[in-house]
Amino acid sequence: MDSPLSRRGFLTQGLTGISAAWFATHWSALLSASTHARQAAKAAMPPKFEFFTLEEAAEIDAISARIIPTTDTPGAREAGVVYFIDRALVTFSSEDQKTIREGLPALHARVRELFPAAEKFSALSAAQQDQVLRSLDEQQPPAAGRRGRRSRQSAPSFFETVRVHTVNGFLIDPESDKRGNRDGVGWKVIGRDPAHMFQPPFGYYDKDYPGWQANPAEADKTKS
Amino acid sequence: MILDLPKYKTTDEVDFVVIGSGAAGGILAKELSSNGFRVVVLEQGPYLTEKDFVHDEIKINFEDLLTNHPKLQPNTFRKTPADKAKPQRALVYGRLVGGTSVHFTANFWRFHEIDFIERGKIGAVAGSTLADWPITYADLEPYYSKVEWEIGVSGQANSSPFDPPRSKPYPMPPLPVKSSGVIFERAARKLGWHPFPAPMAILSQPRPGRSACMNCGFCLGFGCEVGAKSSSLATAIRAAEKTGRCEIRPNSYVHRIELDAQGRATGAVYFDEKKSVQRQKAKAVVVCANGAETPRLLLLSANKQFPNGLANSSGLVGKNLMLNSGGTVTAVFDEPLNDYKGYAVSRVLHDFYELDPQKVGFCGGGALDARFDMTPISFALGGLPPGSPRWGASYKDLLAHNFARTLEIFCHGTSLPVENNSFDLDPELKDAWGFPALRMTYKDHPDDLKLSNWLYARAKELLDAAGAVKKWSFPAQEQQFAVHLLGTCRMGNDAKTSVINTDHRTHDVKNLFLCDGSSLVTSGRGQPTMTIEALAFRAADRIRDLAKRGELAG
């Protein structure tokens with residue numbers, strides 16, 4: 001079954017916020033990035049990381065690229081998520097350094113356990129990588145209720161830490177100083193127009209709204 | 001224009017020191033300074049302005065740019081006084097000039113008549129300290145209108161048959177309807193309910209120095225970069241400074257109110273930015289520090305005369321905390337709503353504001369609104385249906401499909417007051433200044449949970465009528481996280497059963513006034529800020545009259 005978000009869907013729908021022109025210009029590059037992911041990522045790398053070694057960066061990059069993969073549309077790799085995480089770990093999320101530093105050797109142990117011939121997570125095939133990550137992903141119950149969103153889980157796992165940072169790095173305001181969501185690709189994927197100013201109509205359901213009309217006159221106060 | 005702003009010395013005995021610059025503090029500062037009084041406002045947070053208000057979700061939600069910081073001000077939580085409280089972030093409030101009004105949703109309905117007289121009407125409620133207010137809706141009505149016109153509230157007068165009477169229309173029309181609002185309005189009417197344009201403290205038309213809402217979409221939780229949100233920062237604080245008699249002093253963390261030998265407040269003791277202790281002298285003290293920090297400050301100010309906390313002869317300082325019950329039913333629709341554009345809420349209904357306890361089997365009432373108040377990261381971490389993939393291509397596909405197609409029905413409800421529900425001082429945990437941290441004790445009255453589940457069922461009926469593709473909610477749970485901080489220094493005529501009188505004056509200390517969410521006797525049905533601001537305008541009139549009659553001295 002075709003995913004509702006196949007490339008063709010994207011090109012024809014035109015409603016998700018990705019313009020056909022943007023996609024036509026970029027999709028071949030993105031597919032190429034998917035195929036030659038590590039090389040592409042390396043080529044785009046700025047001179048140095050602040051927290052990661054290059055080897056660590058390649059591993060985190062590979063994990064983030066399975067959390068939000070490059071498909072017909074850009075993923076974590078094109079959004080530069082590994083740079084966002086690197087910056088996060090030396091600034092607002094320095095308390096996660098330990099989780100990451102201790103999590104990487106555990107990740108490698110799991111890689112060797114499942115695939116004795118392999119040394120690095122990033123050297124595995126996508127399917128193998130997913131198998132490793134599934135084994136690390138302890139299902140954490142979603143925070144109950146809307147207000148729970150703000151309360152942070154105490155001591156999340158290595159995988160959960162990388163997952164949340166990947167989501168953050170993919171969808172952070174591209175105008176922020178945090179090195180994530182490069183070129184706004186994350187927002188393009190979810191259909192978030194980066195403009196600061198919008199005029200109604202905003203969506204499908206308000207475009208034919210006739211304007212406010214009073215509730216029917218017979219609607220006197222009723223009580224349940 | 002650069003204003004010539006006054007700088008008072010701490011040794012100057014100003015007329016009023018106002019502690020807190022939020023919804024109530026900003027208005028009291030403006031009104032008192034406009035009436036010729038010399039005012040110093042002590043605000044614990046920084047003085048940020050529009051240029052500082054960014055769309056960076058990490059700064060807002062992870063770094064607490066605008067809010068109380070759990071590292072500086074940790075707190076503990078427990079459900080009942082029998083439990084030992086554990087460190088756990090349990091509350092959020094705006095910690096900056098303008099307070100929580102800077103980042104709020106800006107829902108601005110008035111309380112209805114019933115909220116002031118419910119106890120008399122339905123009688124005692126088991127397990128609750130429900131009481132009637134010593135003032136009525138009619139007493140507050142002129143001040144509700146004053147709020148609407150002074151700060152700028154968008155809305156449509158008389159569009160809800162359940163609205164209480166009003167003396168004036170809104171100063172400006174409602175904001176443009178969103179797709180979520182249209183879906184809500186059409187479905188509610190199918191069911192015979194009465195949706196109406198949500199009154200919002202956000203400008204639909206420009207005012208001097210302030211833009212109308214540009215629909216940028218970073219609203220709840222964020223400061224407004226164009227001054228369209230009618231926060232105290234964008235309104236009352238600026239007006240107070242223009243009087244030339246009001247000094248806003250940010251980064252001032254008050255930890256004690258001192259009394260003289262006659263039991264009269266002499267001013268406030270605070271840490272400045274450099275953590276040096278300062279004492280601001282004043283003829284009278286007005287505390288507007290919010291429903292958590294106001295009682296905490298009184299408890300921190302215990303002395304020989306008030307060993308259980310300043311102005312706490314009733315023992316009720318910090319008690320009867322109410323948070324408002326409620327929660328969200330979320331739904332996905334076929335076509336894009338693009339509800340990320342614009343402010344949060346465009347339609348609301350009050351058909352269930354006043355329910356018959358005999359029929360529904362619980363006390364309380366509520367409201368439903370249509371909204372989308374999520375931003376990209378908060379949506380990706382918390383906006384998908386339960387059981388959705390959390391990573392991988394299917395997760396990404398779902399984000400891409402649902403982000404533009406999701407709306408929320410927010411169910412707003414009563415919290416019945418319960419005496420044990422409270423803020424007080426934790427016996428062990430300290431804040432970054434070495435003072436006892438807040439301890440929150442809270443267990444919802446059983447009726448509040450029944451009400452929430454009842455409202456979720458109505459929200460689901462509405463979503464079915466609307467043709468939602470998918471809808472979900474979680475059963476109401478006992479709350480452990482506070483946003484609305486209400487009732488902790490309640491107003492009343494009897495000094496034994498309340499903390500302040502109808503002038504907002506503490507029963508115990510003649511020149512000490514409290515005005516903020518702590519003053520509320522009941523919780524309404526959610527959305528307390530409008531009522532806090534109406535109370536602040538009214539309190540300013542009362543305090544002005546007392547001062548002019550010379551009744552604050554001695």
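Colleague: Why is Asn338(B) called buried?

Modeller: The model is a predicted one, and in it Asn338(B) has a relative accessible area of 11%. The cut-off for buried is under 20%, so Asn338(B) qualifies at 11%.

Colleague: Where does Asn338(B) lie, and what makes its phi worth a remark?

Modeller: Asn338(B) belongs to the loop between S10 and strand S11 (345–349) of chain B. Its phi is near 50 degrees, which is positive although the residue is not glycine. Most residues other than glycine have a negative phi.

Colleague: Which value of phi does Ala311(B) have, and is this residue buried or exposed?

Modeller: Phi of Ala311(B) is near 60 degrees, again a positive value in a residue other than glycine. Ala311(B) sits in the loop that runs between helix H7 (293–300) and strand S10 (325–332) of chain B. Its relative accessibility is 2%, therefore Ala311(B) counts as buried.

Colleague: Which residues does Arg238(B) touch, leaving aside neighbours within four places in sequence?

Modeller: With those neighbours set aside, Arg238(B) is in contact with Thr49(B), Glu50(B) and Leu233(B). As for Ile248(B), ten residues along the chain from Arg238(B), the two C-alpha atoms are separated by 9.8 Å.

Colleague: Which residues of helix H3 (residues 113–122) of chain B are buried, and what do they pack against?

Modeller: In H3(B), Ile114(B), Asp115(B), Phe116(B) and Glu118(B) are buried. The buried residues of H3(B) pack against helix H4 (137–152) of chain B. After H3(B) comes Gly123(B), with a positive phi near 85 degrees.

Colleague: Turning to chain A, what elements does that chain have?

Modeller: Chain A has nine helices and zero strands, and from the N terminus on its elements run α-α-α-α-α-α-α-α-α. Of the 224 residues in chain A, 47% are buried.

Colleague: What makes helix H5 (residues 81–90) of chain A a mostly covered one?

Modeller: Eight of the ten residues of H5(A) are buried. They are Val81(A), Val82(A), Tyr83(A), Phe84(A), Ile85(A), Asp86(A), Ala88(A) and Leu89(A).

Colleague: Why are H6(A) and H7(A) called oblique to each other?

Modeller: Helix H6 (residues 97–114) and helix H7 (residues 126–136) of chain A pack at an angle of about 120 degrees, with their axes 10 Å apart. Roughly perpendicular covers 65 to 115 degrees and roughly antiparallel starts over 145. H6(A) and H7(A) are therefore oblique. Their crossing is right-handed.

Colleague: Which residues make that contact, and how do they divide by class?

Modeller: H6(A) supplies Leu107(A), Arg110(A), Val111(A) and Leu114(A), while H7(A) supplies Gln131(A), Val132(A), Ser135(A) and Leu136(A). By class, five residues of the contact are nonpolar, two polar and one charged. Arg counts as charged, and Arg110(A) is among the residues of the contact.

Colleague: At what angle do H6(A) and helix H8 (residues 158–171) of chain A pack, and is the crossing left-handed or right-handed?

Modeller: H6(A) and H8(A) pack at about 115 degrees, with their axes 9 Å apart. H6(A) passes H8(A) in a left-handed crossing. The contact is formed by Thr99(A), Ile100(A), Gly103(A), Leu104(A) and Leu107(A) of H6(A) and by Phe158(A), Thr161(A) and Val162(A) of H8(A). These residues divide into five nonpolar, three polar and no charged.

Colleague: Where is Pro201(A), and which form does the peptide bond from Pro200(A) to Pro201(A) take, cis or trans?

Modeller: Pro201(A) lies in the segment after helix H9 (185–190) of chain A. The bond from Pro200(A) to Pro201(A) has omega near 0 degrees and is cis. Most peptide bonds are trans.

Colleague: How much area do chain B and chain A bury between them?

Modeller: About 6800 Å² is buried between chain B and chain A, with 57% of it on carbon and sulfur atoms. On the side of chain B, Arg390(B), Trp391(B) and Lys396(B) lose the most area to chain A, together 14% of what that side buries. In residues, 88 of chain B are in contact with 69 of chain A.

Definitions and conventions. Residues are numbered from 1 along each chain as its sequence is written. Chains are lettered from A and ligands numbered from 1 in the order in which they are written. This is a predicted model: local features need pLDDT of at least 70, side-chain atom pairs count only at pLDDT 80 or more; totals for chains, interfaces and linings use all residues. Side-chain values use heavy atoms; hydrogens and water are left out. Axes are lines fitted to C-alpha atoms, for helices over the stretch in contact, and angles run from 0 to 180 degrees between N-to-C directions. Helices (H or I, at least four residues) and strands (E, at least two) are DSSP runs, numbered from the N terminus. Angles under 35 degrees count as roughly parallel, over 145 as roughly antiparallel, 65 to 115 as roughly perpendicular and the rest as oblique. A crossing is left-handed if the near helix is turned anticlockwise from the far one by less than a right angle, and right-handed if clockwise. Contact means heavy atoms within 4.5 Å. Buried means under 20% relative accessible area, exposed over 50%, partly exposed in between (1.4 Å probe, protein chains only). Buried area is the accessible area (1.4 Å probe) that two parts lose on being put together, summed over both.
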